[in-house]
Amino acid sequence: MGIKYSSKINKIRTFALSLIFVGFIVMYIGIFFRTSPFVMTLFMILGLLFIIASTVVYFWIGTLSTRAVKVVCPSCGKVTKMLGRVDLCMFCNEPLTLDPELEGKEFDEKYNQKKRKS
């Protein structure tokens, strides 16, 4: 099996959603320390920080998403947003590129990394 890819916007949104769940789990762990108010408060604040971090990530990807290039997927025909030189369709995972040099090449996320000058 090959590597499972997904669109960059969806990856970041999934990460933000996971931060919310981690925050709730950390807060829930804090309930087990009811006998120690300091430790319980520490877990509650830590969980809140995860949820605040999630809000920041959602805000960031929202602003990034408004600046993303909109393209029509040749496979499914839906309008999708593209970040970087290569990305996948958000609906059908079709590899997309706006770079003529990369057309027809195997999809690889490494094409989005900046080239380092030696």
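Visitor: Which residue takes a positive phi in the hairpin of β1 and β2?

Guide: Strands here are DSSP runs of E of at least two residues, while helices are runs of H or I of at least four, both numbered from the N terminus, and two strands pair if DSSP finds at least two bridges between them. In this predicted model, Gly77 takes a positive phi near 80° in the hairpin of β1 and β2, which has 6 residues between the strands. Strand β1 (residues 69–72) pairs with β2 in the antiparallel sense over 4 bridges, and Val71 has Thr80 as its bridge partner in β2.

Visitor: What may I rely on when I read such features in a predicted model?

Guide: Local features need pLDDT of at least 70 and side-chain atom pairs count only at pLDDT 80 or more, whereas totals for chains, interfaces and linings use all residues. Residues are numbered from 1 along each chain as its sequence is written, and side-chain values use heavy atoms, with hydrogens and water left out.

Visitor: How should I read the residues along a helix, and which of them are buried in α2?

Guide: An α-helix has 3.6 residues a turn, so residues three or four places apart point the same way. In α2, the buried residues are Gly47, Ser54, Val57, Ile61, Leu64 and Ser65, and their cover includes α1 and β2, where contact means heavy atoms within 4.5 Å. Helix α2 (residues 37–66) has 30 residues and reaches 43 Å from its first C-alpha to its last, close to the expected 44 Å, a span calculated as 1.5 Å times one less than the number of residues.

Visitor: Where is Ile31 placed, and why does Ile31 count as partly exposed?

Guide: Ile31 lies in helix α1 and counts as partly exposed because its relative accessibility is 33%.

Visitor: How many helices and strands does the protein have, and what is their order?

Guide: The protein has 2 helices and 4 strands, running α-α-β-β-β-β from the N terminus on. Of its 118 residues, 25% count as buried.

Note on methods: Buried < 20%, exposed > 50% of the residue type's maximum accessible area, 1.4 Å probe, protein only.
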